[in-house]
Amino acid sequence: MTENMMEIRDVSKIYGPLRALKNISLDVPPGQWLAVMGSSGSGKTTLMNIMGCLDTPSLGEVTLDGVRLAKLSPGELTAIRREAIGLIFQQFHLIGYLTALENVMVAQFYHSMVDEAEAFDALKKVGLGDRAKHLPRQLSGGEQQRVCIARALINHPKLILADEPTGNLDETNEGTVMEILHDLHDAGSTIVLVTHAPEVASHAERIIVLEHGRLVSDNAGKNGPPPADPAKSPGAAPANEAVGEASDDGAAIGDDAAVKAANAASDPGGLNPTK
Ligand SMILES: Nc1ncnc2c1ncn2[C@@H]1O[C@H](COP(=O)(O)OP(=O)(O)OP(=O)(O)O)[C@@H](O)[C@H]1O
Ligand SMILES: [Mg+2]
């Protein structure tokens, strides 16, 4: 048993002249709901890919549930991803010749064993009970995204990585997805959610902000307990292990504003944004 679900130490990701991530260090305790914000190109997806065993850092170290990922073979990384992680990524396409139901059952197959009734229930939960037999091309973009969500959550993953999971959804379906995430969080899952939307980020216990590949804001201290009420935390991010790093590109401007906006949008009664 490890203290943190995820430990990221001095992680950088380098693409030629570009450092997409710069010396990121981050601990995510088990059961925490962490939101990742930041402008387009700031490195959010790059970080999520590394957390989700889809990519490896150029420098630094990642430990997932006590396991150092650098020590694992590609096959072992794939196994961890299937066993422990639920990925809700937009680029994770559905298999075109399988129905919505079969797409969810594929995830069960790779994890343990298929259970059609359970897969159907997962689709019903995301409001797609009447679309189970449709092929992806017969579904709208938002419906396809909800199939991906059902597929990611069917195996009750310990860690849920969601990259703009509500990006394609209307308000009602966004509410449905947030409720599902709350249920999983209540059941003990750790959630890391990338979003541009302050209202979506406000569901999280902790919000970090990336800017030009640096972690520039963190509204929970390193390993500290999440603030009970984010609206009560001081406007400036306290005790941020990375804030002290001067940004060489002046990227910190506006980061606290992003956290403040998310905190302002925080609504304890907002678990039911649907009508
Ligand atoms: N495979 C790659 N090769 C080269 N550069 C890349 C690659 N992947 C990402 N980048 C660059 O790394 C930077 C961070 O990209 P990333 O996708 O992590 O941004 P993001 O914060 O998720 O942005 P968005 O909000 O638009 O999704 C960008 O400048 C991007 O162009
Ligand atoms: Mg992205």
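## Residue classes and the model

For sorting residues here, Ala, Val, Leu, Ile, Met, Phe, Trp, Tyr, Cys and Pro count as nonpolar, Asp, Glu, Lys and Arg as charged, and the others, Gly among them, as polar. Please keep in mind that this is a predicted model.

The protein chain has 275 residues, of which 44% are buried. Its secondary structure comes to eight helices and 10 strands. Of the contacts in the chain with a separation of 6 or more, 70% are between residues 24 or more positions apart.

## Around ligand 1

Let's start with the ligand. The shell around ligand 1 consists of Tyr-15, Leu-18, Ala-20, Gly-38, Ser-40, Gly-41, Ser-42, Gly-43, Lys-44, Thr-45 and Thr-46. Two or more of these residues come from each of strand 2 (18-28) and helix 1 (44-51). Helix 1 gives the most, with three residues.

By class, this shell holds seven polar residues, three nonpolar ones and one charged one.

## The nonpolar core

The largest nonpolar core has 63 residues. Leu-34, Val-36, Val-104, Leu-123, Ala-150, Leu-161 and Val-192 have the most contacts inside this core. Helix 5 (residues 141-153) gives the most to the core, with six residues.

Val-104 is worth a look on your screen. Leaving aside neighbours within four places in sequence, Val-104 is in contact with Ala-119, Ala-122, Leu-123, Val-147, Ala-150, Arg-151 and Ile-154.

## Helix 5 against helix 6

Two packed helices are described by the angle between their axes and the distance between the axes. For helix 5 and helix 6 (residues 171-186), the angle is about 5° and the axes lie 12 Å apart. Angles under 35 degrees count as roughly parallel, and helix 5 and helix 6 are therefore roughly parallel to each other.

Helix 5 makes this contact through Gly-142, Arg-146, Ile-149 and Leu-153, while helix 6 brings Asn-173, Val-177, Ile-180 and Leu-184. Taken together, the residues of the contact divide into five nonpolar, two polar and one charged.

## Lys-133 in its loop

Finally, a stop at one loop residue. Lys-133 sits in the loop between helix 4 (116-125) and helix 5. Is Lys-133 buried or exposed? A residue counts as exposed if 12 or fewer other C-beta atoms lie within 10 Å of its own; Lys-133 has 10, so this residue is exposed.

Lys-133 still has partners from elsewhere in the sequence: leaving aside neighbours within four places, Lys-133 is in contact with Thr-99 and Leu-101. Lys-133 and Ala-100 are 33 residues apart in sequence, yet 6.1 Å apart in space, C-alpha to C-alpha.

Technical notes:
Residues are numbered from 1 along each chain as its sequence is written. Chains are lettered from A and ligands numbered from 1 in the order in which they are written. This is a predicted model: local features need pLDDT of at least 70, side-chain atom pairs count only at pLDDT 80 or more; totals for chains, interfaces and linings use all residues. A residue is near a molecule or strand if its C-beta atom, placed from the backbone, lies within 6 Å of it. Helices (H or I, at least four residues) and strands (E, at least two) are DSSP runs, numbered from the N terminus. A nonpolar core is a set of buried Ala, Val, Leu, Ile, Met, Phe, Trp, Tyr and Cys residues joined through C-beta atoms within 7 Å. A residue is buried if 20 or more other C-beta atoms lie within 10 Å of its own, exposed if 12 or fewer, and partly exposed in between; C-beta atoms are placed from the backbone. Two residues are in contact if their C-beta atoms, placed from the backbone, lie within 7 Å. Axes are lines fitted to C-alpha atoms, for helices over the stretch in contact, and angles run from 0 to 180 degrees between N-to-C directions. Angles under 35 degrees count as roughly parallel, over 145 as roughly antiparallel, 65 to 115 as roughly perpendicular and the rest as oblique.
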